[in-house]
Amino acid sequence: MVFTYLTSFCEVRQVAKLPKLVQHYISHKIADHDISVYAFFKMHYLDEQKKDKDYSEDMKLPFKTHDFSGASITLNIPPEKAFINIQHRSIYVDYSTNFSYSEKLYPSVFQKIWEPPKI
């Protein structure tokens with residue numbers, strides 16, 4: 001898993017090309033004994049690239065081209081038990097059947113006004 005993660009980044013794959021860089025420098029050193037490391041890097045990385053006889057080898061050096069390939073791993077683990085927590089407030093309703101009538105609440109003066117007529 002660590003290998004897949006590391007190789008999915010372009011920079012790690014480019015670092016893996018470092019032996020090609022050393023080998024290419026040695027081949028330039030054999031061809032021209034006076035070339036320095038700075039001149040080699042300047043020729044291959046700073047100067048404008050010329051299509052010469054070793055152009056294909058130059059493009060195999062690290063950090064010369066961009067790689068757009070990648071690996072992706074997705075791991076989806078469903079939860080063991082679905083749990084939905086919805087908070088609700090209940091309305092208080094009093095269903096008690098206790099009711100009392102008191103004469104104190106209704107004075108008798110008002111009570112006589114509302115008496116039905118007597119026959």
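Let's start in the middle. The largest nonpolar core here has 5 residues: L21, Y25, I35, F40 and L61. Keep in mind that this is a predicted model.

Take L21 from that core. What does L21 touch, leaving out residues up to four places away in sequence? The list is F40, F41, Y45, L61 and P62. Two of those names, F40 and L61, also belong to the core.

Now the rings. The structure holds 3 aromatic pairs. One of them joins F40 and F41. The geometry is edge-to-face, with 75° between the planes and 5.7 Å from centre to centre. Step back, and ring pairs link Y25, F40, F41 and Y45 into a cluster.

F41 has 33%, so F41 counts as partly exposed. The cut-off for buried is under 20%.

Next, the whole chain. How many helices and strands does the protein chain have? There are 6 helices and 0 strands. Along the sequence, the pattern reads α-α-α-α-α-α. The chain has 119 residues, and 13% of them are buried. What about contacts between residues at least 6 apart in sequence? Of these, 50% join residues at least 24 apart.

The accessible surface of the chain comes to about 11700 Å². Carbon and sulfur atoms account for 62% of that surface. Which residues make the nonpolar surface patch of about 270 Å²? They are V15, L18 and F63. To place F63, look in the loop between α5 (55-58) and α6 (108-113).

Last, charges. Side chains of opposite charge can pair when their charged atoms come close. A search of the whole structure finds 2 salt bridges.

The bridge between D47 and K42 has its closest N and O atoms 3.1 Å apart. D47 is partly exposed, at 35% relative accessible area. K42 is partly exposed too, at 31%.

The other bridge brings together the side chains of E57 and K60, at 3.6 Å from N to O. E57 has 39% relative accessibility, so E57 counts as partly exposed. K60, at 41%, is also partly exposed.

To recap: a nonpolar core of 5 residues, a ring cluster that includes F40 and F41, 6 helices and 2 salt bridges.

Terms used. Residues are numbered from 1 along each chain as its sequence is written. This is a predicted model: local features need pLDDT of at least 70, side-chain atom pairs count only at pLDDT 80 or more; totals for chains, interfaces and linings use all residues. Side-chain values use heavy atoms; hydrogens and water are left out. Patches are made of residues with over 30% relative accessible area and no salt bridge: like charges are joined within 9 Å, nonpolar side chains (Val, Leu, Ile, Met, Phe, Trp, Tyr) within 5 Å. Accessible areas come from the Shrake-Rupley method with a 1.4 Å probe; for residues, only the protein chains shown count as cover. A salt bridge is a side-chain nitrogen of Lys or Arg within 4 Å of a carboxyl oxygen of Asp or Glu. Helices (H or I, at least four residues) and strands (E, at least two) are DSSP runs, numbered from the N terminus. A nonpolar core is a set of buried Ala, Val, Leu, Ile, Met, Phe, Trp, Tyr and Cys residues joined through side-chain atoms within 4.5 Å. Buried means under 20% relative accessible area, exposed over 50%, partly exposed in between (1.4 Å probe, protein chains only). Contact means heavy atoms within 4.5 Å. Rings of Phe, Tyr and Trp (its six-membered ring) pair if their centres lie within 6.5 Å; planes under 30 degrees apart count as stacked, over 60 as edge-to-face and the rest as tilted.
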